[in-house]
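Here are some friendly notes to read alongside the model. Keep the structure open and look up each residue as it comes up.

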Amino acid sequence: MDSSTKKKLLDAEAIARYDPFSSHNNIRVTATYEDGSGEGELIVTRESLNPHGIVHGGCLAALADSVGGWTASSAQHRTCVTVNYAFHFLRPAMGTNQKIRCRATPEKTGRTLSVYHVSLTDDEGLEVATGNFTFFMMDKRLNGTTPECLEHTAAES
């Protein structure tokens, strides 16, 4: 990513009011960027693990879906819903990780559909999963607000 790309921080508390699923599952979007990309993380807890002590695949997919969706919404200032995704588990995300990080990058941003590539990495920077998510972009406000109301630039913080 170009160092001149402005980072937009998202108000985690405000997002939690609109997205209780992500909040409840220790998922948070940490930033979006003017180039349409974004980042987020899963804070790994005991409840995130499968019986083998590995981060549950459903937690990884939820992280990717949440970060991709919020990033697409922020980029276009519209809400969206997931219509399709393909996800690939590359290696186990061990339960000893403190966080799993997600990076969402736009492959296509359209009036109706937007496609984002996601990459998830562990504490050591190893890629544990990748995928592509397709979002249906809606002309709808988010419970009385728009996604841009949840943002501020890094310079403002």
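1. Phe136 belongs to strand E7, residues 127-137. Its relative accessible area is 35%, so Phe136 counts as partly exposed (buried is under 20%, exposed is over 50%, partly exposed is in between, with a 1.4 Å probe and protein chains only).

2. A word on the ground rules. Residues are numbered from 1 along each chain as its sequence is written, and side-chain values use heavy atoms, leaving out hydrogens and water. Because this is a predicted model, local features need pLDDT of at least 70 and side-chain atom pairs count only at pLDDT 80 or more, while totals for chains, interfaces and linings use all residues.

3. Now the overall layout. The chain has three helices and eight strands, in the order β-α-α-β-β-α-β-β-β-β-β from the N terminus. Helices (H or I, at least four residues) and strands (E, at least two) are DSSP runs, numbered from the N terminus. Of the 157 residues, 44% are buried.

4. Which residues touch the most other members of the largest nonpolar core? They are Leu63, Phe87, Ile100, Val118 and Leu120, in a core of 28 residues. Several elements give two or more residues to this core, among them strand E2 (27-33), strand E4 (80-89) and strand E5 (99-109). Helix H3 gives the most, with nine residues. A nonpolar core is a set of buried Ala, Val, Leu, Ile, Met, Phe, Trp, Tyr and Cys residues joined through side-chain atoms within 4.5 Å. In soluble globular proteins, nonpolar side chains tend to be buried together.

5. Take Ile100 as an example. Leaving aside neighbours within four places in sequence, its contacts (heavy atoms within 4.5 Å) include Gly40, Leu60, Leu63, Leu120 and Val128.

6. Next, the charged pairs. The structure holds five salt bridges, each a side-chain nitrogen of Lys or Arg within 4 Å of a carboxyl oxygen of Asp or Glu. Arg28 and Glu41 meet at 2.8 Å, N to O; Arg28 is in strand E2 and Glu41 in strand E3 (residues 38-43), 13 residues apart. Glu41 also meets Lys99, at 3.5 Å, and this pair is 58 residues apart. Is Glu41 buried or exposed? At 6% relative accessibility, Glu41 counts as buried, whereas Arg28 is partly exposed at 38%.

7. Look also at Asp139 and Arg78, which meet in a salt bridge of 3.0 Å, N to O. They sit in loops 61 residues apart. Asp139 is exposed at 73%, while Arg78 is buried at 12%.

8. Finally, how many disulfides are there? The count is zero, where a disulfide is a pair of cysteine sulfur atoms within 2.5 Å. Cys59 is buried at 18% relative accessibility, and Cys80 is buried at 16%.
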